[in-house]
Amino acid sequence: VKLRDEMIAEREAALAKLEEDLKDSHKDFEKELRESHEKQLKEVENQDESTLQKVREVLSAEHLALRKNALEEQQIMHARALENAKKDGEVALKEAKAQFERQMNEAKASSNDAVAKLKD
């Protein structure tokens with residue numbers, strides 16, 4: 001009976017140790033699982049941040065390209081406007097010169113008529 005009680009006590013002690021080991025093992029597993037999950041989460045966050053940074057860079061480059069195109073178009077428009085203004089100025093100058101010549105010719109003719117009348 002004593003032997004049987006000792007064997008039962010040993011089995012109960014072994015069972016209690018197994019239960020304790022199982023609890024410790026379970027705690028270790030949960031800890032490793034949590035650490036692994038946190039690590040994966042950080043990796044995903046870093047990937048998300050990296051992706052966001054790349055998107056920002058692409059959008060910034062696209063914005064700069066659009067801005068450059070707009071400035072180039074504006075330069076072309078200004079060059080055309082300058083060329084048109086130059087042509088308009090040349091035409092106005094020719095018209096003013098022609099009008100001046102007409103007035104000079106009219107003045108000469110009037111002067112010649114006046115001199116001819118005075119001679120008569």
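## Charge pairs along a helix

Asp21 and Lys17 join their side chains in a salt bridge, with N and O 3.5 Å apart. This is a predicted model. Both residues sit in helix α1, which covers residues 2-119. They are four residues apart, so about one helical turn separates them. Asp21 is partly exposed, because its relative accessibility is 36%.

How many salt bridges does the count come to? The total is three.

Another salt bridge links Arg56 and Glu49, whose closest N and O atoms are 3.5 Å apart. Arg56 has 43% relative accessibility and counts as partly exposed. Glu49, at 42%, also counts as partly exposed.

Lys68 and Glu72 form a salt bridge too, and here the closest N and O atoms are 3.7 Å apart. These residues are four apart in helix α1, so about one helical turn lies between them. Glu72 is partly exposed at 35% relative accessibility.

| Salt bridge | N to O distance |
|---|---|
| Asp21 and Lys17 | 3.5 Å |
| Arg56 and Glu49 | 3.5 Å |
| Lys68 and Glu72 | 3.7 Å |

## A negative patch

Which residues gather in a patch of negative charge on the surface? They are Glu19, Glu20, Asp24, Asp28, Glu32, Glu35 and Glu38. Take Asp24 as one of them. Asp24 lies in helix α1. Its relative accessibility is 34%, so Asp24 counts as partly exposed. Patch members need over 30% relative accessible area and no salt bridge.

## The whole chain

Along the principal axes, the C-alpha atoms fill a box of roughly 175 × 15 × 5 Å.

What share of the 120 residues is buried? The answer is 0%. Buried here means under 20% relative accessible area. The accessible surface of the protein is about 11600 Å². Carbon and sulfur atoms account for 57% of that surface.

Methods:
Residues are numbered from 1 along each chain as its sequence is written. This is a predicted model: local features need pLDDT of at least 70, side-chain atom pairs count only at pLDDT 80 or more; totals for chains, interfaces and linings use all residues. Side-chain values use heavy atoms; hydrogens and water are left out. A salt bridge is a side-chain nitrogen of Lys or Arg within 4 Å of a carboxyl oxygen of Asp or Glu. Helices (H or I, at least four residues) and strands (E, at least two) are DSSP runs, numbered from the N terminus. Buried means under 20% relative accessible area, exposed over 50%, partly exposed in between (1.4 Å probe, protein chains only). Patches are made of residues with over 30% relative accessible area and no salt bridge: like charges are joined within 9 Å, nonpolar side chains (Val, Leu, Ile, Met, Phe, Trp, Tyr) within 5 Å. Accessible areas come from the Shrake-Rupley method with a 1.4 Å probe; for residues, only the protein chains shown count as cover. Lys and Arg count as positive and Asp and Glu as negative; His and the chain ends are not counted. The place of a charge is taken as NZ of Lys, CZ of Arg, CG of Asp or CD of Glu.
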